[in-house]
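Q: Please take a close look at a single part of this structure. Keep it brisk.

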Amino acid sequence: MVVVSFDVWNTLLNIDIFYRKFSEYLSRLTGLDLTYVEETTSRAYVKMKEMRSRGQIRRQSVVYDCMNILLAEFNGLIDQHDVCNALSLMILREDFTNLVFDDVYMLLEKLRGKNVEMITIGNVIYWPGLYTRIILEKTGLGKFFVKQVYADEVGCMKPDPEIFKLALEMLNTDTADLIHVGDNYREDFQGALNAGFKAILIDRNRGAELEEVYPKRGYIVNKLSYVADILNNYTIKNI
């Protein structure tokens with residue numbers, strides 16, 4: 001069995017569009033200026049990623065820690081209730097189909113039923129993995145994945161090899177059969193390679209279309225359609 005694992009945010013779903021919509025809901029609920037909310041939310045996200053890379057986000061309380069970072073950036077102008085209310089209303093009301101990158105549906109349809117098991121392995125910030133599951137269902141992507149693994153649910157985060165190995169344990173397979181696709185060099189690409197997996201880094205701003213960084217182990221692509229090409233050439237026949 002071949003397993004392809006996908007990061008979710010900025011691999012399958014556009015997080016910038018998500019944040020813009022979240023900022024609209026938060027602005028309406030709190031009366032704060034929309035531009036201010038967008039800028040502050042963006043600044044908080046950058047800070048969360050920096051702190052996560054330095055190991056300053058606790059693996060057992062990632063949502064709580066990230067929520068506190070967000071609230072601190074707003075300097076007391078909002079509270080946790082405001083954030084949760086905005087997120088909940090958005091999750092209920094939006095269909096989120098505009099979050100899906102153009103190359104996602106075609107790739108997942110191509111891989112489905114071709115002796116490929118697809119899963120997600122995702123980090124989280126101030127909303128839980130449960131919300132990401134709901135969003136994937138609302139976009140029509142949830143049906144493609146036999147398992148979804150999120151940091152807040154398993155108590156570890158990428159690039160820790162443990163989260164990749166836990167995902168494999170759920171499927172009762174081994175590392176030689178898994179290739180991970182994601183947009184973050186440290187968390188997705190290096191994390192997967194260090195765990196003994198193959199890895200594909202998706203960089204949509206990259207000029208070069210496909211680069212084999214490590215022979216038959218590590219690749220960088222600028223669109224997801226190359227994932228099928230890589231699997232066809234090196235892992236799976238007749239995809």
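What covers the buried residues of α2? Walk me through that helix, then through the sheet.

A: This is a predicted model. The cover over the buried residues of α2 includes α1 (15–30), α3 (62–73) and α9 (185–194).

Start with the helix itself. α2 runs over residues 34–53, 20 residues in total. At 1.5 Å a residue it should span 28 Å, and its end C-alpha atoms lie 29 Å apart, which agrees. The buried residues in α2 are Val-37, Thr-40, Thr-41, Ala-44, Tyr-45, Met-48, Met-51 and Arg-52. Viewed down the helix axis, they fall within an arc of 140°, so they line one face of α2.

Now its two ends. Asp-33 caps the N-terminal end of α2. One of its side-chain oxygens sits 3.1 Å from the backbone nitrogen of Thr-35. After the helix comes Gly-55, with a positive phi near 75°.

Next, the sheet. It is open and has 7 strands, in the order β3-β2-β1-β4-β5-β7-β6, with mixed pairing. β3 (147–150) and β6 (210–214) are the edge strands, each pairing on one side only. On average, neighbouring strands are turned by 20° against each other, direction ignored.

Conventions:
Residues numbered from 1 in each chain as written. Predicted model: local features only at pLDDT ≥ 70, side-chain atom pairs only at ≥ 80, totals over all residues. Heavy atoms only, no water. Helix = DSSP H or I, 4+ residues; strand = E, 2+ residues; numbered from the N terminus. Expected span 1.5 Å × (residues − 1). Buried < 20%, exposed > 50% of the residue type's maximum accessible area, 1.4 Å probe, protein only. Arc of directions from axis to C-beta. Contact = heavy atoms within 4.5 Å. Polar contact = N/O pair within 3.5 Å; in protein donor to acceptor, adjacent residues only side chain to side chain. Pairing = 2+ DSSP bridges. Axes fitted to C-alpha atoms, helices over the stretch in contact; angles between N-to-C directions.
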